[in-house]
Amino acid sequence: MTQLSEEEIQKLQGTKIAGIVHCPESNLKLGSGICPVSSLGDINVCIGTDGASSNDDLDIIGETRTAFLVDNYRSQIKLGGLDKSKNSSDWLNSLTINAAKALRIADRVGSLEKGKEADVIAIKVNALPV
């Protein structure tokens, strides 16, 4: 969803759409544009990697970092300044609960809650990338 007009965004906001999957590295590699994440309001956005033919590493954490960076860039260019409406929790949600909502399985996975299935990882956020 990289070429959405304001009118199309408004139409999407009024629907029961499950979610939009944002695959920024694939979009950049293919030159198809930048998803207007900060302009989507309440639309459920989750992060994806697309496929190996249009993404070199399928690294979902790296994909989220790229999503954050291109959203900041788009905000500077299109909106004239940094849009701070999305914080780090929002980007984490795009990997977890938002993805589960898009798949319509948020009652079983997507957040750490009693009775839900979970895989847990630890990420050292203050280390340099390898």
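Residues are numbered from 1 along each chain as its sequence is written, and side-chain values use heavy atoms, with hydrogens and water left out. Because the model is predicted, local features need pLDDT of at least 70 and side-chain atom pairs count only at pLDDT 80 or more, while totals for chains, interfaces and linings use all residues.

The cysteines come first. A disulfide is a covalent bond between the sulfur atoms of two cysteines; here the term is applied to a pair of cysteine sulfur atoms within 2.5 Å. The structure holds 0 disulfides. For Cys 35, the closest cysteine sulfur is in Cys 23, at 9.4 Å, which is too far for a bond. Cys 46 is in no disulfide either, as its nearest cysteine sulfur, again that of Cys 23, lies 8.4 Å away. Cys 35 has 1% relative accessibility and counts as buried. Cys 46, with a relative accessible area of 4%, is also buried. Buried means under 20% relative accessible area, exposed means over 50%, and partly exposed is in between (1.4 Å probe, protein chains only).

Next is helix α3, residues 60-78. Helices (H or I, at least four residues) and strands (E, at least two) are DSSP runs, numbered from the N terminus. The 19 residues of α3 should span 27 Å at 1.5 Å a residue, and its end C-alpha atoms are 26 Å apart, which agrees. The expected span is 1.5 Å times one less than the number of residues. Among the buried residues of α3 are Gly 62, Ala 67 and Val 70, along with Glu 63, Asp 71 and Arg 74. Their cover includes β1 (20-22), α2 (24-30), β2 (45-47) and α4 (88-95).

Ile 60, which belongs to α3, is partly exposed at 33% relative accessibility. Together with Ile 61, Ile 121 and Ile 123, Ile 60 forms a nonpolar surface patch with about 360 Å² of accessible area (Shrake-Rupley method, 1.4 Å probe). Patches are made of residues with over 30% relative accessible area and no salt bridge; nonpolar side chains are joined within 5 Å, like charges within 9 Å. A salt bridge is a side-chain nitrogen of Lys or Arg within 4 Å of a carboxyl oxygen of Asp or Glu.

The loop between β2 and α3 contains Asp 50 and Leu 58. Most residues other than glycine have a negative phi. Phi of Asp 50, however, is positive, near 65 degrees. Leu 58 likewise has a positive phi, of about 55 degrees, and is partly exposed at 43% relative accessibility.

Definitions and conventions: Contact means heavy atoms within 4.5 Å.
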